[in-house]
Amino acid sequence: MRTWIKDPLAIFVEGAERGLVVEGTRIAEWVARGETPERIDATFDASRHAVLPGLVNTHHHFYQTLTRAHPAAINKPLFAWLVALYPIWARLKPNDLRLAARLALTELMLSGCTTAADHHYLYPEGLENAVDIEVEEARALGMRLTVSRGSMNLSAKDGGLPPDSVVQNEETILADSERVLNLFHDPRRGAQIRVALAPCSPFTISKDLMRESARLAERYDCRLHTHLGETEDEERFCLKMYGLRPVDLLEETGWMSSRVWLAHGIHFSTDEIARLGRAKVGICHCAASNMVLASGICRTCELEAAGVALGLGVDGSASNDSSNMMEALRHALMVGRLRYGADKVTHRDVLRWATEGSARCLGRSDIGRIAAGYEADLAMFKLDEPRFSGAHDSLAALILCGAHRADRVMIAGEWRVVDGAPVGLDLDRLIAEHRRAAQHFA
Ligand SMILES: [Zn+2]
């Protein structure tokens, strides 16, 4: 089956004026101005659509959709926000996580996201199969997912931040990490599901767990993920607990590697940025969360120039509080301009970060671009709402006028969003069920 996505209004690739051809799950070719592709079975008229590679979200906590705009946590910085939320999150049950994952994945997909990474680190009793639940939900929706088997083993009694009720011991964590790697991790090109190992943050895990997670990732050839450089509180914690700055902690535990991508990456010195760049570590910039919690501004331009793989993420829905990937691009552009100036961060920069850059963070060279041989993951936006009326540059308009809902989304060659609605899913019912589940967290 060869489908011609014909005559796009705009497309995020130079030289593909007449669109592209999708064959099976992949992109077969671009079509340049004046050309007509051969052996076409179907044609999709994209003359009202701006076409992007499917967006790649590199940091989220799906379960947090159940505690958005929570009165216990609003208007607080990270540590106080976490301490307020941990006991509320400890109530999480398997069916709550299932609904949260379904809602977050759907919300992301409707915003043009085709690949998500979720960092699940919360394991109260009864939620041992959290990874399995997320994989089932991603498969049902057809989304690509890097599910990060998160972990916390340093509770308040050992000098960490979380209460005892949400942590596990190292042995349990490593055994379950191996179980889910064996069950779900698919390293092949075009994979739908990959597993990453993701100790939560310096103030919730032991050094030993970081070291052992890195060893396991090496053995299974999977990615490693954690929160790092998010706040000055974290820096103070590391200095007090270990006598090390966060980046030195990475170095000491075997994490200065191209296998690693970090969420936030705000509080780095110029020397640390150079070290991270040399090691080819990835950084996921979560602009909305960083602004909501007033954590600081990621040095995106210096990090990218140093050689870091720079991607974007929405972060958890208790600190964003939305899971809209197009909003994440707009926020990254706005806060980037505030830091660097109006000509330094452009709509093309944030589009590159959210596609190719994010794909690199996840260790993937098969998604994030519209090019022959890449997976056919596409996000298509109509510019027919009032907010776009009068716009001249269609790609710039997506970011500057604030596009937030895709009209069409294709993943692995299949339409998953049509006319702005998820295919095969009753959205009203999902929202009603999710809202009901959220009442347990009031
Ligand atoms: Zn996070």
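Biologist: How many bridges join strand E8 (residues 113-120) to E9, and in which sense do they run?

Modeller: Six bridges join E8 to E9, and the two strands run parallel. One of the partners is found at His 119, which is bridged to Ser 148 in E9. The model is predicted: local features need pLDDT of at least 70 and side-chain atom pairs count only at pLDDT 80 or more, while totals for chains, interfaces and linings use all residues. Residues are numbered from 1 along each chain as its sequence is written, and side-chain values use heavy atoms, with hydrogens and water left out.

Biologist: Why is E9 called largely enclosed by the rest of the structure?

Modeller: Eight of the eight residues of E9 are buried, and therefore the strand is largely enclosed. Buried means under 20% relative accessible area, exposed over 50%, and partly exposed in between (1.4 Å probe, protein chains only). Arg 144, Thr 146, Ser 148 and Gly 150 point one way from E9, whereas Leu 145, Val 147, Arg 149 and Ser 151 point the other way.

Biologist: How do you know whether the faces of E14 are covered or open?

Modeller: Both are covered: Ala 309 and Gly 311 on one side, and Leu 310 and Leu 312 on the other, are all buried. E14 is joined in parallel by four bridges to strand E13 (residues 282-285), and Leu 310 is the bridge partner of Ile 283. Gly 307 lies in the loop between helix H10 (300-306) and E14. With a relative accessible area of 18%, Gly 307 is under the limit of 20% and therefore counts as buried.

Biologist: Which residues coordinate the zinc ion, and how do you know that they are donors?

Modeller: They are His 59, His 61 and His 227, each through NE2, and Asp 315 through OD, at 2.1 to 2.5 Å. Donors are N, O and S atoms within 2.8 Å of the metal (3.2 Å for Na, K and Ca), and water is not among the atoms, so sites may look incomplete. The distances of 2.1 to 2.5 Å are within 2.8 Å, so these atoms qualify.

Biologist: Why is the site of the zinc ion called irregular?

Modeller: The angles among its four donor atoms are 88 to 172°. Four donors count as tetrahedral if all angles lie between 85 and 135 degrees; four count as square planar and six as octahedral if opposite donors are over 155 degrees apart and all others between 65 and 115; anything else is irregular.

Biologist: What does the pair of His 61 and Asp 315 tie together?

Modeller: His 61 lies in the loop between strand E7 (55-57) and helix H1 (78-89), and Asp 315 in the loop between strand E14 (309-312) and helix H11 (325-340), so the pair ties together parts 254 residues apart in sequence. His 61 is buried at 3% relative accessible area, and Asp 315 is buried at 4%.

Terms used: Pairing = 2+ DSSP bridges.
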